[in-house]
Amino acid sequence: MNKRLPMRAGRANLAWLLFLTSIVAIAALTVFLFVDFHGKSHAAPGGAAQPTLLVYCAANVQKPVTSIAKDYEKETGAKIELQFGPSQVLLTSAQVSKKGDLYIPSDDSYIGIGKQKDMIAEVIPLARQSPVLGVKKGNPKNIQSLQDILTGDVRLSQANPETAAIGKVVRSALVNSGNWDAIKAKTIVFQATISDVANDIKIGSVDAGFLYDSTVRQFEGLDMVKMPQLDNLVSAVPVAVLKSTIQPTEALRFARYLGASDKGLATFKKMGFEVADGDVWAQTPQLNMFAGAMLRPAIEQTIQAFEEREGVKITRVYNGCGILVSQMKAGQHPDAYIACDTTFMNQVADLYLDTSDISSNQLVILVPKGNPHNVKSLKDLGMPGLRVGVGHEKQCALGALTKRTMDTVGVTDEITRNIKVQVPTGDMLVNELRTDALDAVIVYISNAAAAGDKVEAMAIDVPCATAIQPMGVGKESQYKNLMGRLMDQIKSEDSKRRFQAMGFGWKVAAP
């Protein structure tokens, strides 16, 4: 085996860095010319066309991803093309070529860069790793600290911090500790990838190099030394769907396989990584979601688009939240729940992870066009002979909120005498009003927005007359990450426009 001759520090290091910087652009151009297969299909043994996915994968995770890709190809008949290299080079390649389906860097800081460049769509967590000093088995130079490197006869190799995740992470930490310039001067070679650094140590051309702990575990003949200057540093390894993909459903399916607790993550763990909490694997997951009936017009289009993109099936149950809560208390535990009001989410809070407020909805009085009975306020609903409809206090948030508001204003007895209908949803009340079965109803402003121009609405200007709609992902769900992505879509700007068009207020904080 030909050993690489170590370079001297000083001028040699400068020349080497200039060389490495120049090859980033060359590498990007090479990938652009090489990956013209993207978007093509191949014939599976059964004859059906199967997709080909292009995955940009950091060198540090080459072994587990290669193994996982082979398993996926065998199980599904899909074709995975893997392009390996330093995280920054791969990101540049994807940007230059405007091709590719997935991107797997060694540190999630590159996801932030990709988002700034508008390259990244969904992100799924995979694993975590920490920077350490890698040495040959047995640590023959007995290196225990950075000071041992600086004062001893130690030859050091590093990954280029301009292109490789480990180099970038280590440089940042050592700059902060004030050790970078001294360590840089002791470095005899800057390599393109972390795997090159590990090989340098393994064959003995250097004495030590900065690696991830997961890399040390993947290479025989290496040990690790933990350094205080690198303590508490963690690089998260995600897989991201690129916006350049022309087959997002297939890309997301492989991404879910990579991040599945019983598939890809099991391989990552076997190869020395600390793994994230993953969903279980299913080619077409079947999920259940409960939601207050008033939310249906605002969220249905978002859910349909999510199903199509992710390749999943979500069974929705829309009803009054009192009814839904009763079903949950009886043992039905959906993967996610959007409540009409926080009071109903609070009743089943033990079933859900941290909830997030999505929207608000104001109570209004709805009357026929022209307001023939001259109803102006809650008090007017107590006029003799008026036929009034309200939500059922026990079956829905609308009814509970209406009762609380009437009590606050002090008109409960007068209005109760006129109540002819109590139902579990606002839509049912609107239908009763439009068919002339009622003279006035108390509903949400979103019900009024959907009722058309045959009705008029009067706001109920009472502070307690506003409901807040929170969403939570079920603690028992086997698809927490998947439902978290659905929550992200429901909190998106497109979803915000749909909610506001239906009269809802928006409670999601700006990013």
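**Reading a residue and its surroundings**

Modeller: N371 counts as buried, because its relative accessibility is 10%; buried means under 20% relative accessible area, exposed over 50% and partly exposed in between, with a 1.4 Å probe and protein chains only. This is a predicted model, in which local features need pLDDT of at least 70 and side-chain atom pairs count only at pLDDT 80 or more, while totals for chains, interfaces and linings use all residues. Residues are numbered from 1 along each chain as its sequence is written, and side-chain values use heavy atoms, with hydrogens and water left out.

Biologist: Where does N371 lie, and which residues does N371 touch?

Modeller: Helices (H or I, at least four residues) and strands (E, at least two) are DSSP runs, numbered from the N terminus. N371 belongs to the loop between β16 (356-368) and β17 (388-391). A contact means heavy atoms within 4.5 Å. Leaving aside residues up to four places away in sequence, N371 touches K376, E456 and M458.

Biologist: How is burial read for a helix, and is α3 mostly covered or uncovered?

Modeller: One applies the burial rule to each residue in turn. In α3 (residues 87-97), nine of the eleven residues are buried, so that the helix is mostly covered. Among these buried residues are V89, L90 and L91. K98 follows α3 and has a positive phi, near 55°.

Biologist: How many aromatic pairs are there, and how is the geometry of a pair read?

Modeller: Rings of Phe, Tyr and Trp (its six-membered ring) pair if their centres lie within 6.5 Å; planes under 30 degrees apart count as stacked, over 60 as edge-to-face and the rest as tilted. By this rule there are eight aromatic pairs. The F268 and F273 pair is edge-to-face, because the ring centres are 5.2 Å apart and the planes stand at 85°. Both of these residues, F268 and F273, are buried. The pair of Y337 and Y352 is tilted, with 5.9 Å centre to centre and 40° between the planes.

Biologist: Which parts does the pair of Y337 and Y352 tie together?

Modeller: Y337 lies in strand β15 (residues 336-338) and Y352 in the loop between α14 (342-347) and β16, so the pair ties together parts that are 15 residues apart in sequence. Y337 and Y352 are both buried. Ring pairs also link Y72, F254, Y257 and W281 into a cluster.

Biologist: How many helices and strands does the chain have, and what share of its residues is buried?

Modeller: The chain has 20 helices and 22 strands, and 53% of its 511 residues count as buried. Its C-alpha trace spans about 100 × 55 × 40 Å along the principal axes.
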